[in-house]
Amino acid sequence: MLRQVELLEKVKSYDPNVEEELLNKAYVFSMKAHGSQTRASGDPYFSHPLEVAGILAEHKFDYRTIITALLHDVVEDTNFDLNDIEKSFGPEISLLVDGVTKLSKFEGRSDKFNQAENFRKLLLATSRDIRVLFVKLADRLHNMRTLKFLKDENKKKRISFETLEIYSPLAERLGMDEIRKELDDLSFKITEPELRDSIIQRLSMLRQQDEDVLDKIVKNIQEFLKKNKITFKIFGREKTPYSIWKKMKVKSVNFSQLSDIMAFTILVNDAKTCYSVLGLLHQVYSYVPGRFKDYISTPKPNGYKSIHTTLIGPLNQRIEIQIRTFEMNEKAEFGIAAHWIYKDKVNPKDGRQYRWMRQILDIIDQSNEPEEFLEHTKMQMHADQVFVFTPKGDLVALPKGAMPLDFAFSVHSDVGYSCNGVKINNSVKPLSTKLKNGDQVEIICGPEQALLPEWLNFSITGKARVCIKRYLQIKEDDDFKKLGKEIIINQFKNQNMRYSENNIKSILDKFKVNNVEELFKLIGNGKISPMKVISSMFPEKKFLKQNDKIIIFNQVKEKQKNKTRPLIVKGLTPGMSIHFASCCNPIPGDEAVAYIMKDRGLIIHIKLCDELKKTNTNKLKVMDVSWEKLNYKKNEFVAKINVLIKNKIGALGVLSSIIAKSLSNIRNLKITERNSDFFKINIEIDVKNKKHLSNVIASLRTSDFIENVSRF
């Protein structure tokens with residue numbers, strides 16, 4: 001355990017401005033606060049914050065970070081609070097300690113909920129001062145080093161999985177490679193002990209077979225570079241068991257198929273020499289195609305810079321070479337922590353290496369559910385990356401498999417919300433296109449927000465999905481309110497009563513809602529019957545009974561005394577509060593039926609739909625709906641047709657041409673039967689209404705290639 005004077009001397013060796021008295025005060029304060037507390041290992045509890053401070057001192061953090069490390073468990077585990085910390089050490093250190101301190105557990109909530117809330121708090125604190133995250137990583141590293149003393153095996157595994165899912169990726173995003181590798185290995189030791197041991201045994205066997213192979217390769221490269229008068233340093237290493245296992249899993253190969261277990265790092269004085277060394281090595285050793293990456297000209301999002309290449313090396317073995325400067329190497333090992341060594345300013349709100357942090361903060365801002373936020377954040381941090389460019393040439397890093405909407409929301413939320421299309425490499429592409437390294441992506445924006453429910457299928461990043469879900473939720477709520485209001489107004493008319501919103505306000509307490517809009521929403525999504533609302537307002541009156549059967553509506557206007565007035569549906573979004581049944585695909589002009597389904601809204605079927613006949617309609621809330629008032633700017637409706645077409649060259653071309661000339665479009669096409677004379681084809685086409693569909697069918701029947709056309 002570090003003595004007080006040893007810690008002080010270590011910090012003074014790199015931070016001459018240290019306030020010695022304040023650091024000594026923190027040492028004594030923490031030691032007395034934790035008193036006789038002990039850890040699972042039996043050591044005094046104070047040994048833990050002291051070790052955390054030692055880890056951060058090894059990375060040359062400023063003395064205030066070291067003080068925070070000494071005090072980081074005081075509020076959580078002792079009788080002192082943040083006011084005590086602020087009085088003794090000032091507001092800056094108090095804020096840092098608060099950022100690292102966990103929230104109290106929420107009563108009645110799951111462990112996952114508590115984990116997500118604590119992680120949310122940590123990241124929000126990190127956005128104000130990134131040193132909070134460094135203290136937390138050092139805290140987790142020491143906890144993992146001493147995890148073996150815990151007796152509860154399930155708890156050990158839970159902590160290890162959490163480390164692999166959250167803290168190791170965070171260390172990687174911060175560029176702290178040494179800490180990331182140790183966290184990975186310590187977690188791997190708990191989660192997969194047998195697998196780790198078998199990989200270590202295989203590595204040991206390889207060393208025995210190829211004794212001194214690392215030294216031989218290093219010596220060979222050293223002699224070659226010295227001949228070319230290069231000033232350098234070189235060292236070789238084996239990949240860690242966890243990184244080997246990850247590569248085996250990703251590439252679906254066994255250990256014997258891995259050929260780049262050894263990696264060599266060459267350090268030089270400047271970037272120009274990095275490229276000189278690369279050129280010299282490629283002249284002498286065969287380069288493995290597809291295994292070259294230049295992270296100097298295009299750094300990783302965490303600021304990592306290096307050149308990677310794979311060669312058939314001096315002993316005819318496949319080896320990975322990394323070439324970088326001494327300063328790049330310092331930042332590769334210590335990541336953002338190296339900024340303290342080079343006296344750079346660090347602000348997580350600035351710089352490309354912090355884009356991931358800003359994206360996670362956006363997820364926090366948009367997400368209502370802590371568990372959802374945590375899952376999106378894990379996905380954001382774990383995914384392999386693809387690098388694409390904006391039209392101005394700015395680099396944007398996205399998870400592998402990302403699509404244009406992910407790019408749009410990554411650039412700015414407003415760009416995502418107003419996205420109407422995309423150009424990739426100056427060519428218009430579908431929003432479902434997966435982006436590739438080097439793509440130039442231009443988002444085509446429109447004046448109106450046009451997000452649709454299916455857009456969730458065109459996004460994978462946490463920020464994009466959370467933004468789309470939130471937008472759709474708000475839009476769906478608005479649609480349900482609009483639909484609910486139309487339903488209740490329509491019901492008043494059908495009961496020959498005057499609608500008054502003031503009357504509705506008088507019965508809000510009966511339905512336990514705060515305002516009229518909440519009540520409209522419950523009516524619109526089918527949770528409250530409109531007649532129940534009216535009956536509550538006028539309990540003394542007798543009303544016309546609702547029909548138990550589904551009410552048919554069409555475009556023929558008939559004068560009937562007791563006919564119910566149609567519900568006017570206007571401005572609702574398909575797929576949210578209004579749904580056109582896929583079993584029969586009703587279109588304007590069809591004789592159709594409508595009902596309200598709980599949590600879905602208005603469902604419309606064709607009157608004679610076979611699937612509808614199987615439904616227990618007595619329990620459904622039913623009403624008339626007017627097709628005439630449905631206003632759609634595009635061909636929003638899908639019709640299904642059966643086509644019997646002659647088996648002749650060019651027949652399908654004629655069919656698609658006729659459909660196109662009829663201002664329709666083929667959505668789906670399936671050949672169901674085929675013989676030497678005819679094809680039977682099921683086709684889904686876009687239409688405006690029944691009249692438009694009739695025109696398409698009539699046009700198809702004029703062709704000599706087409707034997708018969710019918711709707712199904």
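View 1. In the protein chain, helix α2 (residues 20-34) has the highest confidence, at 94, and strand β12 (residues 552-553) the lowest, at a mean of 38. The score is pLDDT, the predictor's confidence in each residue, from 0 to 100. Over residues 340-353 the pLDDT is below 50, and this stretch has 39 contacts in the model beyond near neighbours in sequence. Residues 546-562 also have a pLDDT below 50, with 41 such contacts. Contact means heavy atoms within 4.5 Å. The chain averages a pLDDT of 80, and 79% of the residues score at least 70. Helices (H or I, at least four residues) and strands (E, at least two) are DSSP runs, numbered from the N terminus.

This is a predicted model: local features need pLDDT of at least 70, side-chain atom pairs count only at pLDDT 80 or more, and totals for chains, interfaces and linings use all residues. Residues are numbered from 1 along each chain as its sequence is written, and side-chain values use heavy atoms, with hydrogens and water left out.

**View 2. Helices α4 and α7 cross.** The axes of α4 (residues 63-71) and α7 (residues 91-100) come within 9 Å and cross at roughly 50°. Axes are lines fitted to C-alpha atoms, for helices over the stretch in contact, and angles run from 0 to 180 degrees between N-to-C directions. From α4, R64, I67, T68 and L71 meet E92, I93, L96, V97 and V100 of α7. By class, this contact has six nonpolar, one polar and two charged residues. Ala, Val, Leu, Ile, Met, Phe, Trp, Tyr, Cys and Pro count as nonpolar, Asp, Glu, Lys and Arg as charged, and the others, Gly among them, as polar.

**View 3. Three strands form an open antiparallel sheet.** The order is β10-β9-β11. β10 (427-429) and β11 (441-445) are the edge strands, each pairing on one side only. Two strands pair if DSSP finds at least two bridges between them. β9 (residues 419-424) and β11 share five bridges. C419 stands opposite C445 in β11. Helix α20 (residues 404-411) lies across β9 and β11, at about 80° to β11.

**View 4. β7 and β8 form a hairpin.** β7 (residues 385-389) and β8 (residues 395-399) pair in the antiparallel sense over five bridges. Q385 has P399 in β8 as its bridge partner. Five residues lie between the strands, and G393 takes a positive phi near 95°.
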